[in-house]
Structure formats: structure tokens, C-alpha cells
Amino acid sequence: QILHVARMFPVIRFDAAMVLAKMHIQRLWFPLPGHAPGVPSRGGWSMSMADFEAAMPQEFWREVVDRVAQEVPDTLLLAEAFWMLEGYFVRTLGMHRVYNSAFMHMLKKEDNAGYRVLIKKTLEFDAEILKRYVNFMNNPDEDTAIAQFGRGDKYVGVCMMMVTMPGLPMFGHGQVEGLTEKYGMEYAKAYYDEHPDGELVARHYREIFPVTQKRSLFAEVANFQLFDLYAPDGQVNEHVFVYSNRLGEQRSLFIYNNRYDASEGWIRLSAARLDNGSFRQTLLADALALPQEHDSYAIFRDHQSGLEFIRSCAAISDNGLYIALGGYQYNLFLDFRLVRPSKLKPYDRVCHELDGRGVSSVELETLSMSLRPIHLLVATALERIMREPADTAEPDRQAEQFGAECAELLESFSVRFGEIMETALTLPTGITEQAAESYYTALRFETTLGDVAGSNRIKAALGIVEKEENAFRPLAKTLITLDAIQQMLQQNGLLEEQIIDQLMLGETVKTLMSGKTAWPFHGEQAVDLFSCLLSRRTHAESDETPDDRLMQSIRTLHESGDLHFSSFLQVQHLHDKEWFRERQLTILAAWLMAQALIDSDKPSQRLWLEAIETLETAAFLSGYELTTLLQPPTCAEQ
């Protein structure tokens, strides 16, 4: 009958297979003389062990496995073998897969030392056996996973073990949804009126399901290593499960503390496993295939927090890895990559400075450290601009002075940036003269804007108020200065995007502008606005009318997905629409006008003011919704 079924189906599941093992057939049905029978009614069927062996010389399941392998070799045999017979069924009887009830029972009871011993014994016998276990947290014969493990961190931690261990993970009925009713296959319907636990489902999608997509990294055992965690007192902490695995260049390190109390210690040496006929222990650095050179560093990411960490490979080899986990907490370290420090990327200094702390991006942290001299240089120049008192000299004299300051800054910048990049920078011809001319035009623009009717709202957006509170001049100087640096880097082929993002100047600008609450924008808003203006500056100049140019600039920023643009307009996503702030649009439009007029003294201010008024009217009619505002005009409107 089994062979008949095997010829029709690729997988056969044997329910309660353990009752047909020889030891249990003898125990239940043919008790030894003088021994209490496993089944009371079978007391009259007692039999000596010699007679039993003669009557049943072979294991039934061994015969099944061998016959199926010979006659229907592509069939997978899956056995339910409780009563702690999982190992026996795969080691001795050769069953392809076995439900591993020990995983559920021992982790539920927090018999962590006992389960670690099972794994160790398996590794000492044959690591391949780990691949044949089906690990689960509930089944129709047991209480639900929620009843056994709860809904919190313990459930998630054990579930993460289930999906990162070699073998096959199995999710039970209602497990993901957090249902509490015990499932029975004979049920025609559920008896409890239950609804999915939204937070638990969300944690599955956030933490567990992404890891199941990487099963190829965890399923094999060729590079699987189990580690001991040595507590500060030198004793092995049996409550913490630590194991690593590799697949090609992919590496993983999983750590889980299966108890309420916090745990800490060092991971360095693996448990012994049978390898080519001898027992071998492996250093963590070797298990992760890390080099031992002192100038090699490993960067890796924690799956749960998303933070990245950097460690010296030599330090991991010599001392191992220190970890500290709260009760029922886990770390899953993925995305390992090896790096070496350079002048531009001083990974060694970053590793020392972070001292074990995680950051959102080690690369950004490294780049920020290498660019600190640049940040200091720019911050000093911009701080001087912010603190300068109102200059009463003639515009041409002010422009000349600004040009000289700009030339000094660019010269210093080119030297320091060239040292970091280990390349010589060329100062473009006429760039400081252009900066001086732009500032001269800005001063004229500031003066003449007051003569144009209806410009008060625009003047406020530009910060053109009483002289002692005037924000326009320092803001214009800042924009022109950043633009000059950006042009210099572009002409040297060293810039791919606007300067604030690429040189990580956002925090510098934000800090300098944080105390300017009386200005039209300050702090983070200044970073966003300058980024938008400098991003538009990287595009070729256009001969379009102010109306077309203004709308096209805003449309381009929106279509590019520029986060600075949406942040400055304070865009909110609601009902599949993008809503923005009226005042923020006016400020952006005013500075796009100022930028265009500073760059070129045509077209006239009047046309630009009319273009801004047209834009504000369109914004009002759109209900301040971006998609509607930026829709191309219809033929009738044209």
C-alpha cells in the first residue's frame, strides 16, 4: 500500500509513526514476562526478547525506507515520531524528514541546556541530520503557539530560531494570526469568534517573513556552527543560543536569549562537530570566513533594528564577539562585508570611535569622519556670513569683498578636499568673479524688489525686512557660496549630486541655521530648501518663460522623488493624495525666482512675480494637492 501511494504522490506523511518502531511494538503489545504491559489487555501476550526478535528481526520503517528508495526513489518520507524518537528515526531508520517535537517542548519549558545538548550530540554524530528535522511551535495535538509561547518577544525569538535553523520550519494553523483556539482536523468550523492579532501579524511581516526569503542561507549544515556564550565569570551561559552559517559570500550569525533575565558575554569558540572522522572546534572568525589581517574590518547589519556595526576582524579572531541581550531578545546579523581603511574611508577610526555602537550606516559614518575638515571649513565660512553685521558700503564694494572671501574659501577647500581624495583640484577660471557678480545682482534685486507693486508677501518669503533683521543677504551669500563650491567640484568631475547630500553638509547647515527662528526658514527647512535650489542648479539653464520655468522646476523636483522637496513643502500623504503647505510653496517659488534673477538679470521681476501669483492661484484651485497642481494643462486650457 505504501509503495502504491508513493507512485502517485511525491510526499508521504506517516502519522504517529513511532508506534510502529520495534521498541514500542514490544513495549505496548508484547511485554516481557513479569513486566507490566504498556497496554493492560496485552498482559497475556508476554514474550521474551529473544522470541520477539525472532518474530520481528527487522525494523518496519527501515524496510519501508529501503523499498521506497529502491522502487520509487523520488518520494520524500515524512514521519511523526514523538516520544523523543526523532533522532532515532533519522539516524537509524533513515527517514527523510521527522517532526522535531523536542524543539517545541524544550524551548517552551526553557530547557535550554537540554536542547543545546541535543544539537551538540547531533553535530558530534552527523551534522546532516539537522537538515532532516521539521521544527514547529504547535500542531493539532498540542496547545496553540500563542498558548505555549505568548504573543511577545519569546514567541518572536523562538520563531526566529525556527526559520534560521537548518531543516524545515513549519508554521501551524492560526499561528501567524495569533489564534488561541486549538485546531482539530475533525472541526467543521471554528468555535471561537477570533480575529487576527494585527500587531503580531505585522511583526511577522516586519521581522520573520523577510528571513524566510533567505532560507537558502540557513537550511544547509556544511558551514553551520553552534557556539557557547561565555559569561563574564567564565561559565557557559546555557540559556543563549548562538549559531552561524554561510552560503558562498553570504554570512549569518544568530543569537537568542531564551529566558527572562538579561545575558551577556563573549562568543569565540564553537562546539565540537564531527568533521572527516575527527571532532573539530572552530573560531568564530573562521566560521564567518573573516580574514585575520589587522587592517581588515567586518561590517554587518542587525536584522531587527536595522543598525549596522563594524568590528576589527583581527579582534574577532583574537577575542571573539561581545554581545548583551535582554530577556527573550535576539540578534540576527546579516549582510556581512569586508572593508579596509583608506584616507577617504577611515574604517579603523570609525570602529574605534563607535566602540561597539550601532549606526544607521557605517559608510555614512565613515564618510562623515573623513569629511570633518571640510565640514569645519564650510561651517567657519558660513558662520562668519551669518554673524556679519549689515554692510552699509556700496553694492560693488560689498560684492568685491564677498568675492575675495569666496576665493579664500575655495582655495582652502580645494587643498583640503584634494588631500582627502588624493587628487589635485583645479579652481575654475572666473568662478570667484562669478560669485561676486551674483552677490552684486542679489543686492540690486533686494533694492529694486521694493519698487514692484504687490511684492510684500514675496519679500517676507525672502527675508527682506528691516535692515537689522534682514535675512536675505546672509541667505543669498550662503546659497552663492555653496553653489560656487558645487560648481568647482562639478567641473573637476567629483560631484554626482547636489553638494549638501554628497558632502553630508546637512548637519552643518542645520546647526548654523537652528537659531534663526525669525527668518522665513531655519534649521532643517534651510537644509531642504538649499538642497532643492542646488539640485535645480545642476540642470541646464532654460529659456522658458518664468511661468513655465517655475512650474517645470517644481514638477522636476516632485518627479525626481527628492525627499528634501517633500520635506520642505511639508507634504502629507492622505487618501492616496499628497497635500502641501501654501506658505512653503510661496517660499520655494520666491527663492527659485531669486536664484534665477541672481544668475541672470532677465527676465524681469514683474514677470516672475506674476508667475508666482499664477502658481499660488493654481495651488488654491488644486486644494493644495500636488498631483492636481502639477497636472499638465489640457488642450482647452492651453
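Reader: How many bridges join strand β3 to strand β4?

Author: Let me set the ground first. This is a predicted model, in which local features need pLDDT of at least 70, side-chain atom pairs count only at pLDDT 80 or more, and totals for chains, interfaces and linings use all residues. Residues are numbered from 1 along each chain as its sequence is written, and side-chain values use heavy atoms, with hydrogens and water left out.

Author: Now the general idea: strands of a sheet pair through backbone hydrogen bonds, either parallel or antiparallel. Helices (H or I, at least four residues) and strands (E, at least two) are DSSP runs numbered from the N terminus, and two strands pair if DSSP finds at least two bridges between them. Here, 3 bridges join β3 (residues 97-100) to β4 (residues 133-136), and the two run parallel. Asn100 stands opposite Asn135 in β4.

Reader: What is the order of the strands in that open sheet of 5 strands?

Author: The order is β1-β2-β3-β4-β5, with parallel pairing. β1 (11-14) and β5 (168-170) stand at the edges with a single partner strand each, so one side of each has no neighbour in the sheet. Neighbouring strands are turned by 25° against each other on average, direction ignored. For such angles, axes are lines fitted to C-alpha atoms, for helices over the stretch in contact, and angles run from 0 to 180 degrees between N-to-C directions.

Reader: Which residues of β1 are on its covered face, and which on its uncovered one?

Author: Covering is read from relative accessible area: buried means under 20%, exposed over 50%, and partly exposed in between (1.4 Å probe, protein chains only). In β1, Ile12 and Phe14 make the covered face, while Val11 and Arg13 make the uncovered one. β1 is joined by 4 bridges to β2 (residues 76-79), running parallel, and the bridge partner of Phe14 in β2 is Ala79. In the loop between β1 and α2 (22-29) you will find Val19, which is partly exposed at 29% relative accessible area.

Reader: Which strands are at the edges of the open sheet of 8 strands?

Author: That sheet has antiparallel pairing and the order β13-β12-β15-β8-β7-β6-β9-β14. Its edge strands are β13 (308-312) and β14 (321-325), each pairing on one side only. On average, neighbouring strands here are turned by 30° against each other, direction ignored.

Reader: Which residues of β15 are bridge partners or stand opposite residues of other strands?

Author: Take β12 (residues 297-302) to begin with: 5 bridges join β12 to β15 (residues 330-339), antiparallel. Ile299 has Arg337 of β15 as its bridge partner, and Arg301 stands opposite Leu334. β8 (residues 250-257) also pairs with β15 in the antiparallel sense, over 4 bridges, with Tyr330 as the bridge partner of Tyr256. β15 is mostly covered, with 7 of its 10 residues buried.

Reader: How far apart are the end C-alpha atoms of helix α9, and what span should its 12 residues have?

Author: The expected span of a helix is 1.5 Å times one less than its number of residues. For α9 (residues 153-164) this should be 16 Å, and the end C-alpha atoms are 16 Å apart, which agrees.

Reader: How many residues of α9 are buried?

Author: 11 of the 12 are buried, so α9 is largely enclosed by the rest of the structure. Among them are Tyr155, Cys159 and Met161.
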